[in-house]
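Reader: I have a model open and would like to learn how to read it feature by feature. Could you walk me through it?

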Amino acid sequence: MPLFTPLNPPLPPWPACRAWIIGASTGIGAATARALLAAGARVALSARSEDKLAEVAGESAITRGQARIEPLDFTRGTEVAAAWGRVRAAWGGCDLVLVVAGTHREIRAWELTEADADALLEINLNAPIATIAAVLPALLAQGRGAIGVVSSVAGYRGLPKALVYGASKAALINFTETLYLDLRPKGIGVYLINPGFVKTPLTDKNAFRMPALITAEEAAGVTLAGLRAGRFEIHFPRRFTSTLKLLRLLPYRAYFAIVRRATGC
Ligand SMILES: NC(=O)c1ccc[n+]([C@@H]2O[C@H](COP(=O)([O-])OP(=O)(O)OC[C@H]3O[C@@H](n4cnc5c(N)ncnc54)[C@H](OP(=O)(O)O)[C@@H]3O)[C@@H](O)[C@H]2O)c1
């Protein structure tokens, strides 16, 4: 008997689960799509790069209807709405929507421009929120289903080189917490996925040493386990994220000193 009941309602067993992943062409989203397909789930894969989506899904999964390719730019509401309609029409509903897509760009205070900030906020905050707004009416009408949002531990507290990225992820964490409070009583699950450093095309651009770096496949494995366990926050790797959670509790004087020493910034 578990000490605490799961925060989220159970998802259907993977072979009965219909999932839509936005941001499935590379990195964490692609690895999660592959892991869900391997577990027997039906998966619709979205991102802008159609060729990469087809490669991730695999020809045989597409042919036998286990995988669907739904190329789109999730900053365009009409494309998101059309794809969402096709996924539900094809499968008679959807059990899990994972909003993984995002981008990163190092910005220091002295490099800040409105245009760069807008571009980052559009992908990391506005588009995820708009996508969730687009899927919610159908999920509420179903009275079940779940939404998973990939944010980042960079949203826990301010970190150097993450001037706008961290702000976008902090806002997304807050948004997802509030989403949970609103939707759980209506039978809809909400998952907040906060990765530490994962080796993907996004982090391949980082010139600094990334502590506790894990593979996208490891990230996908922990994500699937967290979804199955009905956790609200799925964070990994714990050896890194647990430290950051402790740092969250420190007063600013101690927090700033530790971050400066650890990063050299
Ligand atoms: N890697 C890490 O260490 C790490 C840590 C914390 C959080 N995260 C978060 O995890 C998520 C996935 O990152 P990742 O590391 O796996 O990066 P990634 O390999 O660069 O993947 C980003 C995904 O987002 C898609 N995407 C970007 N812009 C899009 C748009 N306008 N419309 C539709 N899809 C779009 C990309 O596909 P297309 O380019 O084909 O559109 C790709 O599938 C991001 O939200 C990131 O902030 C990553």
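**Reading the model**

Author: Start with the count: the protein chain has nine helices and nine strands. Here helices (H or I, at least four residues) and strands (E, at least two) are DSSP runs, numbered from the N terminus. This is a predicted model, where local features need pLDDT of at least 70 and side-chain atom pairs count only at pLDDT 80 or more, while totals for chains, interfaces and linings use all residues. Residues are numbered from 1 along each chain as its sequence is written, and side-chain values use heavy atoms, with hydrogens and water left out.

Reader: How does the radius of gyration of the protein chain fit that of a compact globule, and what is the rule?

Author: The radius is taken over C-alpha atoms, and the globule rule is 2.2 Å times the number of residues to the power 0.38. For 265 residues that gives a value near 18 Å, and the protein chain has 18 Å, so the two agree. Along the principal axes, the C-alpha atoms fill a box of roughly 55 × 45 × 30 Å.

Reader: What percentage of the residues in the protein chain is buried?

Author: Buried means under 20% relative accessible area, exposed over 50%, and partly exposed in between (1.4 Å probe, protein chains only). In this chain, 48% of the 265 residues are buried.

Reader: Now the ligand. Which residues come nearest to the ligand?

Author: A residue is near a molecule if one of its heavy atoms lies within 4 Å of it. There are 29 residues around the ligand, and Arg48, Ser49, Tyr165, Val198 and Thr200 come nearest. By class, the shell has 15 nonpolar, 11 polar and three charged residues. Ala, Val, Leu, Ile, Met, Phe, Trp, Tyr, Cys and Pro count as nonpolar, Asp, Glu, Lys and Arg as charged, and the others, Gly among them, as polar.

Reader: Which polar backbone atom lies 2.8 Å from an oxygen atom of the ligand?

Author: A polar contact is a pair of N or O atoms within 3.5 Å; within protein, one must be able to donate a hydrogen and the other to accept it, and residues adjacent in sequence count only if both atoms are side-chain atoms. The atom you want belongs to Val100. The protein covers 93% of the 880 Å² of accessible area that the ligand has on its own, by the Shrake-Rupley method with a 1.4 Å probe (for residues, only the protein chains shown count as cover). The elements giving two or more residues to the shell are α1 (27-38) and α6 (165-183).

Reader: Is Thr203 buried or exposed?

Author: Thr203 is buried, because its relative accessibility is 7%. You'll find Thr203 in the loop between β7 (198-199) and β8 (214-215). A polar atom of the Thr203 side chain lies 2.6 Å from the backbone oxygen of Val198. Contact means heavy atoms within 4.5 Å, and beyond its neighbours within four places in sequence, Thr203 touches Phe197, Val198 and Met210.
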